[in-house]
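Hi,

Here is the structure I promised to pass on. Have a look at it first, and then read my notes below.

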Amino acid sequence: MEMVNLPKQMKSFTTIVPNEFVNSRLYSEDLAPTPSCKRTWTTWNYAALWISMCHCLPTYALCGSLITGGMNWYQALITVGIGNIIILIPILLIAQPGTKYGIPFPVLARSAFGTWGSNIPALLRAFVACGWLGINVFLGGEALKTFAIAIWPSYGNLGNNWTFLSLSIPSWITFLLCLFMHIIIICYGMETVKKFENWAAPIVLIMAAILLVWLVVKAKGLGSMLHRPSKFQTFHDFWIVFIPSLTSTIGFWSTLALNIPDFTRFGRSQRDQIIGQSLGLPLTMLLFSAMAIVITSTAQDVLKTASGNLWDPVYLLSVITSPSQGFFSTSIRIIIAIVSLIGILIATVSVNIAANVVSPANDFANLAPRYISFKIGGLITCILAVVIMPWKLLSSSEEYVFTWLIGYSALLGPLAGILIGDYYILKKCHLEIAELYCDAYPIFTYRAVNWSAMFALVIGIVPNMPGFIRSLDLDRHREKNFFDQIYVYAWFIGLFLAGSVYVVAMLLYRRCNFDKVRYRF
């Protein structure tokens, strides 16, 4: 077999791909191992990536949901901190092969699920991302519409209440404008993503800090909410709320735990990505959550006549810039509204590009690498984000939507467990990269479709399915049963159960040697 060495930049990573695999249906420039000349991401780049993803609208509201659920401020911060430290572990574990071999998530999935079977986890991850992308773009568009109406009141009457697919003309305009911002960045590729995340990271934090200082001065302190006690009288009462809250916090970034190789493949070293991520994720989540708590606490004292949800930053800023409050002159009020809008849009686009565009773009490219590039995959993602019509999902029941999306942690946990078990226990941190691009394996061999991985995936999902189905019933007063109780541990159960079943199944498979041709694990 004739072997072709990749350019010298790749030799430090000892990656050699057979000549015929370069012409494989599974090979493309976007999915190929990243050469050293393109591995430019430093510690700051990874820290900036997480900083820009963490300061988003859902993060801002996360502590709010915990506090309104009965926790006091430090219980909420402890829950957020523990959850992010836990999810950081699988993130760093799955990130390692990305940096070592320069491969994205869909190619890494080929190691466990097979060269063709990897499309299953890739598509599952992609569809979750499309759902989140559509919802975040819609929320960003509605924020844009809110500020547009504040500056130009007649904007809300465009189209005379005429709707298309149940969405008004003003909402369509802002939704598509927000989506177009994502498309521009996608068309310029991953290097543009890195640059955007770099400068987006500090901007939103600075703007949030300015808002915090202004409210603290106005309130002449940190606000009365910080002195409110917890609603839980006993540890048992707290534990009942703590565990599902912890699982939700873990599920918050369980999507990134899978596709983090899409970013670490560009890292200069393991040290850069480990330190950058370890500093960027838990610290930013704690800092931004703490800022959200203080901002809301002071806002409740300053804006006593406000009737809406002050945990919603869009509503909070619209009240502050409202003429009825009289805090600022008309010109200053318009300037603040424009600056606030820019900050919210930056926060929305930065988290969406990193968390909900890069991964599905690579996942769709994995379906047909010769025909679907990263850019085409990103455009497919944007199209699907419109097709799902997120405004209809949100209008039917917001709680239903987020219950459905958070429920995917019950699915993503098993996928993470299988990938970790495959790479660290079975492969012992060694992959034959050339085999991941070979399209010649017979379909009945585990190298093409690994049915042990498929079986483990099903086993990891099944115990959580009854609880997931019951969670769709919005009746909070229904009687809890066994499946409701274990469902709050869905991510943990799926991770350990699927990972254990997969490792045992593959060890038995190796021992029995079912394949006629013994391929190296």
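Before the helix pairs, a word on handedness: a crossing is left-handed if the near helix is turned anticlockwise from the far one by less than a right angle, and right-handed if clockwise. Helices (H or I, at least four residues) and strands (E, at least two) are DSSP runs, numbered from the N terminus.

On provenance, this is a predicted model, where local features need pLDDT of at least 70 and side-chain atom pairs count only at pLDDT 80 or more, while totals for chains, interfaces and linings use all residues. Residues are numbered from 1 along each chain as its sequence is written, and side-chain values use heavy atoms, with hydrogens and water left out.

**Overall picture**

The protein has 23 helices and 4 strands. Of its 521 residues, 55% count as buried (buried means under 20% relative accessible area, exposed over 50%, partly exposed in between, with a 1.4 Å probe and protein chains only). Taking the contacts with a separation of 6 or more, 81% come from residues 24 or more positions apart; contact here means heavy atoms within 4.5 Å.

**Two helix pairs**

Two packed helices are described by the angle between their axes and the distance between the axes. The axes are lines fitted to C-alpha atoms, for helices over the stretch in contact, and angles run from 0 to 180 degrees between N-to-C directions.

How do helix 15 and helix 16 pack? Helix 15 (residues 330–367) meets helix 16 (residues 374–387) at an angle of about 115°, and their axes are 7 Å apart. That makes helix 15 and helix 16 roughly perpendicular to each other (under 35 degrees counts as roughly parallel, over 145 as roughly antiparallel, 65 to 115 as roughly perpendicular and the rest as oblique). Helix 15 passes helix 16 in a right-handed crossing. Helix 15 contributes Asn 356, Val 358, Pro 360, Ala 361, Asn 362 and Phe 364 to the contact, and helix 16 brings Phe 374, Gly 377, Gly 378, Ile 380, Thr 381 and Leu 384. Sorted by class, this contact of helix 15 with helix 16 has 7 nonpolar, 5 polar and no charged residues. For the classes, Ala, Val, Leu, Ile, Met, Phe, Trp, Tyr, Cys and Pro count as nonpolar, Asp, Glu, Lys and Arg as charged, and the others, Gly among them, as polar.

Then there is helix 4 (residues 57–68) against helix 13 (residues 270–302), at an angle of about 65° with axes 8 Å apart. The crossing of helix 4 and helix 13 is right-handed. On the helix 4 side the contact is made by Thr 59, Tyr 60, Leu 62, Cys 63 and Ile 67, and on the helix 13 side by Met 285, Phe 288, Ser 289, Ala 292, Ile 293, Ile 295 and Thr 296. The class count for helix 4 with helix 13 is 9 nonpolar, 3 polar and no charged residues.

**Salt bridges**

Side chains of opposite charge can pair when their charged atoms come close. The structure holds 5 salt bridges (a side-chain nitrogen of Lys or Arg within 4 Å of a carboxyl oxygen of Asp or Glu). Among them:

- Arg 268 with Asp 272, the closest N and O atoms being 3.4 Å apart; Asp 272 is buried at 7% relative accessibility.
- Lys 427 with Asp 422, at 3.3 Å from N to O. Lys 427 is buried at 7%, and Asp 422 is buried at 2%.
- Glu 435 with Arg 447, at 3.0 Å from N to O. Glu 435 and Arg 447 both lie in the loop between helix 19 (409–426) and helix 20 (451–461), so the pair ties together parts that are 12 residues apart in sequence. Arg 447 is buried, with a relative accessible area of 7%.

**A few single residues**

Is Lys 145 buried or exposed? Lys 145, in helix 7 (residues 119–151), is buried, with a relative accessible area of 17%. Leaving aside neighbours within four places in sequence, Lys 145 is in contact with Tyr 155, Ser 168, Pro 170, Ser 171 and Thr 174.

Met 181 sits in helix 8 (residues 169–187) and is partly exposed at 26%. Not counting residues up to four places away in sequence, Met 181 touches Leu 345 and Val 349. Met 181 and Leu 345 are 164 residues apart along the chain, with their C-alpha atoms separated by 9.2 Å.

Leu 165 has a phi near 55°, a positive value in a residue other than glycine, and is partly exposed at 42%. Ser 166, in the loop between strand 3 and strand 4, has a positive phi too, near 70°, and counts as exposed at 52% relative accessibility.

Cheers
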